[in-house]
Amino acid sequence: MSACDCTPTVSDLKPYEEAVELLLSHVKPMQDTETLALHDALGRVLAAPVKSGINVPGWDNSAMDGYALRVADIPAEGAALTVSQRIPAGVAPTPLEPGTAARIFTGAPVPEGADAVVMQELTCQQDGKVIINTLPQPGAHIRRTGEDIRQGEEIIQPGIQLLPQHMGLAASVGVGSLEVYRRPRVAVLASGDELQMPGKPLKPGMIYNSNIFTVAGMLRALGCEVIDLGQVEDTLEATKQALTEAAGQSDLVIASGGVSVGEEDHVKPAVEQLGELNMWKVAIRPGKPVAFGHIGDTPFIGTPGNPVSLFVTFLLFARPFIRKLAGLSEVMPVTIEATAGFDWNKPDKRREFHRARLEKQDNGSNIVSVHPSRSSAVLSSTTWANGLVVLPENQTITAGEKVQFMPFSELLS
């Protein structure tokens with residue numbers, strides 16, 4: 001290497017897995033909690049287990065419309081029984097009289113003495129009696145007490161993000177409020193004197209600030225409270241002041257731009273002066289100059305300024321960090337195996353996470369196509385794609401080979 005050649009080699013860059021492991025090792029999961037009414041808890045992270053105070057079902061009940069009876073009263077198909085009572089859902093029955101049947105409806109309590117329910121399609125009415133056209137088995141079509149949930153059972157574990165089905169399950173046992181973790185507060189800022197906010201005319205040499213909207217949108221999708229500090233003047237002192245302000249009111253600071261090696265990249269040196277930089281540069285494409293450190297005690301993630309690099313590095317690094325910070329037990333994205341519908345003849349020395357589109361074929365197979373541009377400035381590629389395909393370092397790919405695909409439906413939630 002010559003005296004002027006300061007370009008880092010791949011061996012100088014931190015591998016992807018090590019970089020993620022380093023970030024996650026620094027996470028201090030949320031401890032602050034709040035109790036919310038059930039209607040307000042959707043999407044939040046559960047902080048305390050939900051236990052049932054009741055059995056579900058609370059009593060033996062019918063699984064369908066039909067007739068409750070004693071199996072011993074049906075010696076053969078075609079036996080006739082007098083209908084002694086009618087039991088709709090919500091009505092408490094009387095004990096079943098021997099030699100009779102009870103007309104019963106789905107969810108209604110099974111009367112004492114009955115040991116089976118025959119569905120109405122296997123019966124018929126004749127001379128005021130019900131004809132049973134099948135030989136019932138003991139216990140047929142009866143849902144037993146506590147068959148779904150037992151009293152005292154833990155039905156929802158902490159560390160999960162509450163989905164609609166969790167809300168319904170909690171409601172089914174009478175739980176009206178849930179203890180959840182506080183939303184992470186994330187301060188975001190962008191560096192670059194060339195940035196102009198949308199809605200204003202562009203001056204020569206300026207570009208619209210898309211990054212702040214991309215980052216804020218992804219944070220809100222993760223359930224974060226966003227503290228938008230706007231864009232920072234391209235000076236070291238202004239950058240230090242903005243980062244200090246951000247760290248003082250947030251659980252995490254995310255900055256886009258300013259983490260590379262240019263003379264106008266002030267974020268990296270500002271973080272080093274205000275705290276410490278634990279990681280800089282990862283062996284991935286796009287997004288090599290992603291940074292992680294601390295401003296005082298507040299963690300900091302710095303993403304590249306190129307919009308695609310920012311998008312990808314947020315998904316790969318900030319997302320798992322935030323999910324663990326929020327109290328979630330599952331933090332890493334799920335990948336699915338698919339078939340390459342492309343040839344990849346010029347692999348990078350770094351692992352590449354390329355914008356890709358997965359489409360299901362008529363034969364049921366998942367075929368992945370890739371965006372033609374590898375440029376980290378082509379933001380439109382992120383809306384063309386529906387995920388990222390993982391392209392291993394130094395490895396060519398031929399159409400038909402298996403690849404790993406990371407769907408946006410997983411990454412953006």
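**Exercise 1.** Determine whether E154 is buried, partly exposed or exposed.

*Solution.* First, recall the classes: buried means under 20% relative accessible area, exposed means over 50%, and partly exposed lies in between (1.4 Å probe, protein chains only). Next, take the value for E154, which is 33% relative accessibility. E154 therefore counts as partly exposed. The structure is a predicted model, in which local features need pLDDT of at least 70, side-chain atom pairs count only at pLDDT 80 or more, and totals for chains, interfaces and linings use all residues. Residues are numbered from 1 along each chain as its sequence is written, and side-chain values use heavy atoms, with hydrogens and water left out.

**Exercise 2.** State in which strand E154 is found.

*Solution.* E154 belongs to strand β11, residues 154–156. Strands (E, at least two residues) and helices (H or I, at least four) are DSSP runs, numbered from the N terminus.

**Exercise 3.** Classify T313 as buried or exposed, and identify the backbone oxygens that its side chain reaches.

*Solution.* Begin with the location: T313 lies in helix α6, which covers residues 307–325. Its relative accessible area is 1%, so T313 is buried. Then consider the polar contacts (pairs of N or O atoms within 3.5 Å; within protein, one must be able to donate a hydrogen and the other to accept it, and residues adjacent in sequence count only if both atoms are side-chain atoms). A polar atom of the T313 side chain lies 2.7 Å from the backbone oxygen of S309. The T313 side chain also reaches the backbone oxygen of L310, at 3.2 Å.
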